[in-house]
Amino acid sequence: MSVATPRTQKGVLSRVRLTRKERRNLGVGLLFVSPWIVGFLAFLVYPIYYTLRISFTKYSGFGEPAWIGLDNYRALLSDDLFWTSLYNTLYYTALAVPLGAVVAMGLALAMNQPVPEVPIYRAILYLPAILPLFALSFIFLILMDPTKGIFNQILIHLGLPNVNWFGNPKWSKLALVFLAQFGAGQVALIFLAGLKGIPVTLYEAAMLDGAGAWNRFRNITIPMMTPVILYDLILGLSLGLQVFTQAYVITQGGPADSTRFYVMYLYDNAFRYGKMGYASALAWVLFVITFVLAMLIFRWSQRWVHYETT
Amino acid sequence: MARERPMTSAPAVQAADPPAITAGRWLWVSKHLQRQVVPRIVLALVCALYLLPFYWMVATALKTNQELVAYPPTMWPDTLAWSNFSDAVDYIPFWRYLRNTSIITVLTIVGSVVSNPLIAYGFSRIDWPGRDKIFYVVLATVFIPFPVLIVALFDIFATIPRPMWSNGGIELGGNWINTYLPLVVPMFFGNAFWIFLMRQFFMRIPFEISDAARIDGASEFRIFYQIVLPQALPAIGVISIFAGLYAWNDFLGPLIYLQDETKYTLAIGLTFFKAQREIQFSLLMAASTLVVLPVVALFLLFQRAFVEGISLGSVK
């Protein structure tokens, strides 16, 4: 993403000596942003460092942490639940994030239709995104219940089988991926702002050239939206790897550990089993995985992101 | 920028050759269908799907126990069991949890409104060396998964003392666990999303008004407080809405830090309905309706603020 930088002189940092005005501005500027700097150090940098330190120890949360070197990380490798939860989380993220981007794009296009009552549609499509996730999860527990839910009744009417979504390991993750799509309205609004930012002249020119609707979408809309799509994919990746509340509320990891997600396993280790050291190792591994995957997406994006050149 | 029409474009030819008169009418009908009718049908279907959870929540909340077990489920309760609402409120200490949640929500809003404009001002309206590099760090923090911090944050909050009343004075003692401090205090140090949103707004306000005030000798804080901030009230409104929602909707935070049942929030309180062997489905949905209702009301009241806030906060 690019940040507009108005009124900044080029290369201020390269000059060693600052003018009096610059020194004054530096002092005042730092004073204004100081709450963020303090919060950044206290609630982000220090905890990340602290987690790393604890991850090399055996620590229950009480008493002194005992140094055990890399034992926690070694234990991870032979921990089946670690691999299961990692697999579940990657599986969920790999489905929920790309699908979420497609759904959000669909919703954004729907929200951009030139019908007069479109604000009403926009509101309806956005509303589930701001509901508390825990409440939405409770609702889905009943909505997708095989006997009490309306969702399966609709499926039956369409001639589809009655599936026990949250009771069958084969379907439980997919049901949570489906649930996640009800939050797509948030990203859809961001996409909608992007759609509105595309110059109309581009479309007009393409229509004169005889380009059809699909062609215009494929060759104008998508390329112009790629920076926003990239932002969504990376943010979605981070959020997808954090999936917790839905599973905690609806399935509590079951059935057969099919929704035991990474953060849930981390939470259990830290706050149920009192294995703070082990949980810290889990946290650091998740941190590294998130970073590596984000970097990979970013690298890959260099091949398809279209940056406007002025 | 691709504002201009490409020079290579073919000479303007109307999309279709002039059709015969009857065909022209058909063309109009099909165009009208394409533009107005088809999108409406698609939109209505998608909207119906997105309204389904609300509908089923309310329908289930109003079912009696007998009706709840009926199969296939009734689409709308035969008799409306309004008593489910009063039962749900009695089943858990609803009012206490509502009070707790409200306290956290209000303090979160206060913290966000105090900190984010101040920080965003420093990142937008004062020109200091290194500013934009540090702002990239602010943006990068958005991508850090919060759960990797929970172990450390819990342990840190478990060791720092808090101000406590004792013998009529204030002393430091105890720790932050089982208090609202870990949920509320970090809010006074800014949030990357809201800093970004606020900064976007500040950059739209003409810089000349600040320059004029500077020439008159006003201090930077006075310019912030008396000149720029009053112009940014809509953005502050947007931030308070998002901050309030964040606190109201938070699940993981209260789950970790609050241990005493009397301190729980509504988010944790709702899990009580499921903790029993028999899930109290209609009571759970009645309570969920009560939790969701303020959010829906807030949205309907401030719809424009939501949409504009997100568009403002979206990256360009």
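These questions and answers cover a predicted model with chains A and B.

Local features in this predicted model need pLDDT of at least 70, side-chain atom pairs count only at pLDDT 80 or more, and totals for chains, interfaces and linings use all residues. Residues are numbered from 1 along each chain as its sequence is written, while chains are lettered from A and ligands numbered from 1 in the order in which they are written.

Q: What makes α8(B) largely enclosed by the rest of the structure?
A: A residue is buried if 20 or more other C-beta atoms lie within 10 Å of its own, exposed if 12 or fewer, and partly exposed in between, with C-beta atoms placed from the backbone. Ten of the 13 residues of α8(B) are buried, so the helix is largely enclosed. Among them are Trp194(B), Arg199(B) and Phe202(B).

Q: What does the predictor's confidence say about chain B?
A: pLDDT is that confidence for each residue, from 0 to 100. Chain B has a mean of 87, and 91% of its residues reach 70 or more. Over residues 1-19 of chain B, pLDDT stays under 50.

Q: Which residues of chain A and chain B count as in contact, and how many are there?
A: Two residues are in contact if their C-beta atoms, placed from the backbone, lie within 7 Å. The contact takes 94 residues from chain A and 89 from chain B. Helix α1 (residues 20-54) of chain A gives the largest share of chain A's side, 20 residues.

Q: What are the two domains of chain A, and how many residues join them in contact?
A: The bounds come from an automatic or database domain assignment, which gives domain 1 (20-72) and domain 2 (77-301) of chain A. Eleven residues of domain 1 are in contact with eight residues of domain 2. The C-alpha centres of these domains of chain A lie 31 Å apart.

Notes. Helices (H or I, at least four residues) and strands (E, at least two) are DSSP runs, numbered from the N terminus.
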